[in-house]
Amino acid sequence: MSDTDSSPLMRQYREIKRGYPEAILLFRVGDFYEMFYEDAQIASKLLSIALTSRDKSSANPVPLCGVPYHAAQGYIAKLLKAERTVALCEQVEDPKLSKGLVRREVVRVYTPGTLIDTEFLSPGESYFLAAVAFSDAMASSTKGQSTIGLACLDVSTGEFWMTEFQGAQAEIQLMDELARLEPREVLHPDSHARAESCLTRLHGARLCARPLASFNSHDATQELQAQFSVHSLDGFGCRGLTAGIGAAGAILRYVRETQPTASLAHVRRLYTRWSRDAMHLDSATIRNLELVQPLDAGEHRLRQDQHTVLSVLDRTETAMGSRLLREWLVRPLLDHSAIHARLDAVGEFKDRVQQRVSLRTALRDVQDIARLASRVTLGVAGPRELLALKQSVSALPELRSQLQPFDASILAGARESWDDCRDVHDVIEQAIKRDAPMSLRDGGIIREGFHAGVDELRKASTEGKGWIASLEAKERERTGIDSLKVRYNQVFGYYIEITKTHLSRIPPDYIRKQTLVNAERFMTPELKELEERVTGAEMKLLALEQELFEQLRLRLANEVPRLQAMSQTVALLDVLAGLAETAALHRYVKPLVDESSTILIREGRHPVVEQLSSDLTFVPNDTSLDCEGNRLVILTGPNMAGKSTYLRQVALIVLLAQIGSFVPATEARIGMVDRIFTRVGASDNLAAGQSTFMVEMIESAHILNSATSRSLILLDEIGRGTSTYDGLSIAWAITEHIQDRRHLGARTLFATHYHEMTQLEGLREGIRNYCVAVQERGGDVLFLRKIVPGGADRSYGIHVAKLAGLPPTVIARAQQVLAQLEQPDTLIRETVQSSKQEQQRDSLPHPHPIIEEMKQIDLFSMTPLDALNRLADLQRRIGPSQDDRKK
């Protein structure tokens, strides 16, 4: 960015731009936001708008592009989608009143983690801004332990919480938590090796390095105390925490820097989360179970047509409910009483069909109260958003009435703490017109009768326009010009327009204002007087309406705590009623969740796969696991028979039960699990230089080092990424380790093609063999999808290859080789040897006819001359001679 343009405007631009070097600076000039220098070159390409220049006659013209101020949001959205940040620089004083250069300031920086505008937010997704702090970068009260602090804030709703991770597993736990949250932006200390090494593995979030001082826990404590108007953070559960507080303080500072004009009054408290409060799901389990994204989603966000557990369960009617359901799904409960409280509420909703239908119908009128309330506090809510808030709270009395018959503790508690927010509804109803426009600048916002001054100015404005219409009729009569018109534009105000054919009939008191090709425009003293009365009234009316609206918004901001509380209650009802709706539609049953180790499932089904099998009947299966005689199930069977689906469905039934949902089965008893681990599927990590087998071993090591006897482990095809004997040996050793109560003793489902593994049932207690039943018919195989006791003796891989479309010759040869391999060992060696000889024989080139002819020549019966002539003839038939090639 050069300093060749030394005008006051460009000097002001460069000074402001220095404070935001990495952002695209939208610089307000009149009715446009303009971009200069490198920003203009980048933005013109991203936005597909024309790139021009300022002062084209200069030797070094400044690149320039711009967008209209009223359409800026759409262009900002495109820049954010292109992973750019945007600094919005506004004129902060009236150009008409300023002396010299208009003062400008950056009023907001748009970043992925600080968005509050409805057009930038997906209703069912949270937009977390996260911050990570490390104890080794600051003073810590924890001696000899590594501590990582994590804080998260959703600016659009005011949800704010923090946690800490300690010990050797701290970084792994951090990455797992970030996988659950899917934050849009993560703040971390700059020049911090640990931060860079672990956070670079995070996908889909913008990483923002911040000065180390931003994470200072002492400064953060003071900032948080000031935010919440308290003298101590102990009431928030923060006693003894340092890294977490440092991360929370870094978030507040960042938001205040990027939103300097915004109030954060809607951020009312800081919650403290602990790992013991919920089941820990690592990133691999969330991915493999396809809880919120399908396996093939990569780094992209969920689309409407993608099938996940969330998409099957989500029958919520509100955006708040949808976000809460996602949180429940990735944070199952570990508290027995809390699980049963949810199950009881879902059960009552399922049984009381009429009340459930009526409540869900009323919920359809409720918009996103949480985000609407936040926008009120932030001072950006417009007239239509207040109308949306009024519509939402108008549904609260009906929702309360539908809760009256319910006895479940959660629903009774919601009813007792219910707030209809009737005063919020009434004040908006009295103040705002039902057809109010989107923007304040359009006017026509305040309802008649709300304020006497508005009514008077509106009457003056309306009557003034009537006076102008009557003036037009009077002037037509006075001049005799029927085509005379009184018109208005923003440049000249009101004027009289007369075509040039009638200029000879213009009265002497007409004052010429503008000459056009076919007409002249005039002003009269009477029209000037009326214009001042009309436009003065309109300007005063617009200013008064804006003032009254801002007063109303400030008044409603005081009620935001009540609105936030009701948004949480409504979201809770929405999720519970939605789960009941799903249970009723798909024949889910209420599970018995207890503290035992028993997992007993009758006719369990995969919640997602059964919805995709519209043309086929999903085959249900039973499951029996415990920490005694059924600790570990070795599952064998053909490829494509449904082993992986079975493993996943067991995990999902357990998970659904512990979020308080009914489950797809005819009966289920779930002994609670503290964690679910999955080692399913094959993938590599080329970016990290890790093969499929290495990834498999890393994930297996993580499971063995992190699981407890209360965990549920799913293993699918361990050891297949290496040689048969190595893979079998590893799978065997892992099975023994998990089965052994001295090491682990966890409930486990292990699917494998190593049939030798079935021998473990007779060697180790607690191991049971199961297989997927198949039926052979005339050389074809029918997969019955039924899990039955016993081990499989065949994998039917050739049959699967045939279904995949391998050539018949390949299938036939594979069957021959398989038949030989299944013979005794001596015959195997003979078959392999004969196969090699046959392959070598088949692979030899066919003999050349010239060579064969030479073999038949009897050189000893030929004269030297005959031999030379015969050699010349053969050479000629083979090809050109060396001399010919040189020519």
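Colleague: By class, how many nonpolar, polar and charged residues are in the lining of the second largest pocket?

Modeller: The lining has 22 nonpolar, 12 polar and 15 charged residues. Ala, Val, Leu, Ile, Met, Phe, Trp, Tyr, Cys and Pro count as nonpolar, Asp, Glu, Lys and Arg as charged, and the others, Gly among them, as polar. This is a predicted model, where local features need pLDDT of at least 70, side-chain atom pairs count only at pLDDT 80 or more, and totals for chains, interfaces and linings use all residues. Residues are numbered from 1 along each chain as its sequence is written, and side-chain values use heavy atoms, with hydrogens and water left out.

Colleague: What volume does the second largest pocket have, and which residues are closest to its centre?

Modeller: Rolling a probe the size of a water molecule over the atoms shows where empty space is left. On a 1 Å grid over the protein atoms alone, a pocket is an open set of points with protein on both sides within 12 Å along at least five of seven lines; a cavity is a set where a 1.4 Å probe fits but cannot get out; lining residues have an atom within 4 Å of a point. This pocket has a volume of about 2200 Å³. Of its 49 lining residues, the closest to the centre are Tyr69, Ser439, Leu440, Arg441 and Gln546. α19 gives the most to the lining, with 10 residues.

Colleague: How many cavities of 30 Å³ or more does the structure hold?

Modeller: The structure holds 1. About 140 Å³ of space lies in the largest cavity. Its lining has 13 residues, and Glu177, Arg180, Trp274, Ser275 and Arg331 are the closest to its centre. β9 (159-166) and α4 (170-181) each supply at least two lining residues.

Colleague: Which residues of α4 are buried?

Modeller: An α-helix has 3.6 residues a turn, so residues three or four places apart point the same way. Buried means under 20% relative accessible area (1.4 Å probe, protein chains only). In α4, the buried residues are Ala170, Leu174, Met175, Asp176, Glu177, Leu178, Arg180 and Leu181. After α4 comes glutamate 182, with a positive phi near 50°.

Colleague: Why does glutamate 223 count as buried?

Modeller: Glutamate 223 counts as buried because its relative accessibility is 18%. This residue lies in helix α6 (residues 217-228). Its side chain joins that of arginine 253 in a polar contact of 3.1 Å. A polar contact is a pair of N or O atoms within 3.5 Å; within protein, one must be able to donate a hydrogen and the other to accept it, and residues adjacent in sequence count only if both atoms are side-chain atoms.

Terms used
Points joined across faces, edges and corners; volume = space filled by probe spheres on them. Helix = DSSP H or I, 4+ residues; strand = E, 2+ residues; numbered from the N terminus. Buried < 20%, exposed > 50% of the residue type's maximum accessible area, 1.4 Å probe, protein only.
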